[in-house]
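Here is a short tour of one protein chain. Keep the sequence and the 3D view open as you read.

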Amino acid sequence: MSVAQTKAPPKAPRGEMVDIRGRPLRVVRAGPASDRPTVILEHGAFGCASDWAVVQEKLAAKGLASLAYDRAGLGHSDPGPKPRDGKAIVSDLADLLRALDEAGPFVLAGHSMGGLMVRLFALTHPKQVLGVVMVDAVTPDVITSPLGEKGVYAFSRILGWVSHGARYGMMRPVAVVAGDRIGLPRDASADKRRIHGSALHAHWAAEEVGQWRATSDQARAGDFPPAMPISVITAGAENTVTALKDIQSVPALASLNGYIEHVAGAGHANLLGRRFADTVVRGVEHVLVTAHR
């Protein structure tokens with residue numbers, strides 16, 4: 001006599017689902033409620049809210065509340081209307097913060113392509129932004145540099161192939177091996193790997209990257225206010241200065257309250273992991289101290 005075995009139900013995603021205009025977005029909140037500013041965390045291309053798990057732990061240990069989320073179509077969030085350019089993404093974020101009754105002002109932190117999103121949010125919602133932390137972040141000038149333009153084009157093509165292959169399950173074994181290059185805690189790492197292998201996630205990540213030039217143009221429409229505190233955290237030692245590092249440093253150099261930290265030994269992904277995440281927290285603290293918060 002055989003005993004039928006049933007699969008365990010899938011584990012609920014970390015965080016909560018929040019409805020905006022009939023579409024749920026996944027939100028992960030951490031840290032104590034207080035009168036101090038909330039830190040809003042924007043992940044990079046092909047990323048998700050779980051990328052920020054270590055940073056959120058470290059911010060909470062400092063008594064700071066933070067909010068990470070999956071952009072539309074990515075992670076556990078439902079897709080949104082096309083095009084998935086910066087304007088659409090910033091509009092979603094503004095709706096999300098209203099739905100959560102979060103008025104700000106906020107500290108915004110953006111990793112990689114998320115740097116374009118926080119810049120555009122700061123330009124379009126200046127009263128809600130106390131300051132910005134750019135974490136090995138993309139700026140509008142990246143795509144106008146010859147190497148940057150080639151890199152974006154190559155990355156877009158790669159994501160197109162990934163999106164196609166993911167429909168046939170090709171990303172699932174890749175996700176097991178390389179889904180977490182950050183070095184996340186167990187639950188966040190498992191979530192990151194599941195997302196990394198998702199065909200839907202790959203498709204909408206490719207849609208975002210396909211709009212990279214449009215998003216860069218939108219973010220180039222203005223500059224950060226000169227007095228706004230801007231922290232720039234870049235992977236790699238200061239003596240390994242490259243053209244990309246020069247471009248990344250511009251927002252902090254242009255600010256009257258800029259801060260730059262070059263992180264020796266860090267890579268683009270593991271800058272958010274346990275070994276290096278304190279540098280991101282220092283960037284947040286620079287903004288808060290400068291703004292007397």
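Asp-101 counts as exposed, at 71% relative accessibility; the term exposed means over 50% relative accessible area, buried means under 20%, and partly exposed is in between, with a 1.4 Å probe and protein chains only. Asp-101 sits in the loop between helix 2 and strand 5. Its phi is positive, about 60°, although Asp-101 is not a glycine. Helices here are DSSP runs of H or I with at least four residues, strands are runs of E with at least two, and both are numbered from the N terminus.

This is a predicted model: local features need pLDDT of at least 70, side-chain atom pairs count only at pLDDT 80 or more, and totals for chains, interfaces and linings use all residues. Residues are numbered from 1 along each chain as its sequence is written, and side-chain values use heavy atoms, with hydrogens and water left out.

## Two cis prolines

The loop that holds Asp-101 also holds Pro-105, between helix 2 and strand 5 (106–111). The peptide bond from Gly-104 to Pro-105 is cis, with omega near 5°.

Pro-83 lies in the loop between strand 4 (66–69) and helix 2 (86–99).

Follow the parallel pairs next. Strand 3 and strand 4 run parallel and are joined by three bridges. Ile-40 has Leu-67 as its bridge partner in strand 4. Strand 3 also pairs with strand 5 in the parallel sense, over four bridges. There, Ile-40 stands opposite Leu-108. Strand 5 and strand 6 are parallel too, with six bridges. Gly-110 stands opposite Met-134 in strand 6. From strand 5 the chain crosses through helix 3 (residues 114–124) to strand 6, in a right-handed β-α-β crossover. Right-handed means that, with the strands pointing away from the viewer, the path from the first strand over the helix to the second runs clockwise.

## Strand 5, enclosed

How many residues of strand 5 are buried? Six of the six are, so strand 5 is largely enclosed by the rest of the structure. Both of its faces are covered. Phe-106, Leu-108 and Gly-110 are buried on one side, and Val-107, Ala-109 and His-111 on the other.

## Helices on the sheet

The buried residues of helix 10 include Val-280, Val-284 and Val-287. Just after helix 10, His-292 takes a positive phi of about 60°. His-292 counts as exposed, at 73% relative accessibility.

## Cores and a buried loop residue

The largest nonpolar core has 41 residues. Such a core is a set of buried Ala, Val, Leu, Ile, Met, Phe, Trp, Tyr and Cys residues joined through side-chain atoms within 4.5 Å. Those with the most contacts inside it are Tyr-69, Leu-96, Leu-108, Phe-121 and Val-132. A second, separate core of 33 residues includes Val-54, Val-55, Ile-233 and Ala-266.

Leaving aside neighbours within four places in sequence, Val-132 is in contact with residues including Leu-108, Phe-224 and Val-287; contact means heavy atoms within 4.5 Å.

Thr-139 sits in the loop between strand 6 and helix 4 (146–166). Is Thr-139 buried or exposed? Thr-139 is buried, with a relative accessible area of 2%. Beyond neighbours within four places in sequence, its contacts are Leu-116, Met-134, Ile-247, Gln-248 and Pro-251.

Methods: Two strands pair if DSSP finds at least two bridges between them.
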